[in-house]
Amino acid sequence: MIGLKWCALCNGMGEAILACPNCDNSMLDQGRIYDFYDDYSPYMDIDVIKLADGDPVSSQKDECVHLFKCPNCGFDVQKKITIT
């Protein structure tokens with residue numbers, strides 16, 4: 001049987017806690033960065049959409065890039081989440 005890898009954040013099985021570098025408030029996970037590319041990107045195959053950003057590191061199959069946003073000051077940051 002092939003072992004499947006998946007993102008714990010995307011599947012609601014984990015959380016990442018990040019402190020905002022601007023105001024030190026807790027940042028909120030907004031989901032995969034790929035879902036913000038255009039209207040249809042949330043429906044596209046993840047391996048295909050990863051190739052669109054031009055970053056060969058983020059297109060690796062063992063990472064999922066999430067967008068985190070501070071509800072206090074609006075600062076946002078991308079974070080690579082390791083897929084297990």
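Student: Which residue in E3 is the bridge partner of Arg-32?
Tutor: The bridge partner of Arg-32 in E3 is His-66. This is a predicted model, in which local features need pLDDT of at least 70 and side-chain atom pairs count only at pLDDT 80 or more, while totals for chains, interfaces and linings use all residues. Residues are numbered from 1 along each chain as its sequence is written, and side-chain values use heavy atoms, with hydrogens and water left out.

Student: And how many bridges does E2 have with E3?
Tutor: E2 and E3, the latter covering residues 63–69, pair over four bridges in the antiparallel sense, where pairing requires that DSSP finds at least two bridges between two strands. Leu-28, for instance, stands opposite Lys-69 in E3. Strands here are DSSP runs of E with at least two residues, and helices are runs of H or I with at least four, both numbered from the N terminus.

Student: Back to His-66: buried or exposed?
Tutor: His-66, which sits in strand E3, is buried because its relative accessible area is 1%; buried means under 20%, exposed means over 50%, and partly exposed is in between, with a 1.4 Å probe and protein chains only. E3 as a whole is mostly covered, since six of its seven residues are buried.

Student: What does the side chain of His-66 have a polar contact with?
Tutor: The side chains of His-66 and Asp-29 are joined by a polar contact of 3.0 Å. That term stands for a pair of N or O atoms within 3.5 Å; within protein, one must be able to donate a hydrogen and the other to accept it, and residues adjacent in sequence count only if both atoms are side-chain atoms. Leaving aside neighbours within four places in sequence, His-66 is also in contact (heavy atoms within 4.5 Å) with a list of residues including Cys-7, Leu-9, Gly-31, Val-77 and Ile-81.

Student: Which residues form the largest nonpolar core?
Tutor: It has 10 residues, namely Cys-7, Leu-9, Leu-18, Cys-20, Met-27, Cys-64, Phe-68, Cys-70, Ile-81 and Ile-83. A nonpolar core is a set of buried Ala, Val, Leu, Ile, Met, Phe, Trp, Tyr and Cys residues joined through side-chain atoms within 4.5 Å. In soluble globular proteins, nonpolar side chains tend to be buried together.

Student: OK, and what does Cys-70 touch?
Tutor: Not counting residues up to four places away in sequence, Cys-70 touches Cys-20, Cys-23, Asn-25, Met-27 and Phe-75.

Student: Switching to the sheet, in what order do the four strands come?
Tutor: They form an open sheet in the order E1-E2-E3-E4, with antiparallel pairing. E1 and E4 (76–82) are the edge strands, each of which pairs on one side only. E1 and E2 are joined by two bridges, one of which has Ser-26 in E2 as the partner of Ala-19, whereas seven bridges join E3 to E4, and there Glu-63 stands opposite Thr-82 in E4.

Student: What about the turns, which residue has a positive phi between E3 and E4?
Tutor: Gly-74 does, with a phi of about 85°, in a hairpin with six residues between E3 and E4. E1 and E2 also form a hairpin with six residues between them, and Asp-24, in the loop between E1 (18–19) and E2 (26–32), has a phi near 65°, which is a positive value in a residue other than glycine. Asp-24 counts as exposed because its relative accessible area is 60%.

Student: Where does Pro-21 lie?
Tutor: Pro-21 lies in the loop between E1 and E2, and Pro-21 is exposed because its relative accessible area is 60%. Apart from neighbours within four places in sequence, Pro-21 is in contact with Met-27 and Phe-75, and its C-alpha atom is separated by 9.6 Å from that of Asp-76, 55 residues apart along the chain.

Student: Last one, what pattern does the chain follow along the sequence?
Tutor: Read along the sequence, the pattern is β-β-α-β-β, from one helix and four strands. Of the 84 residues of the chain, 26% count as buried.
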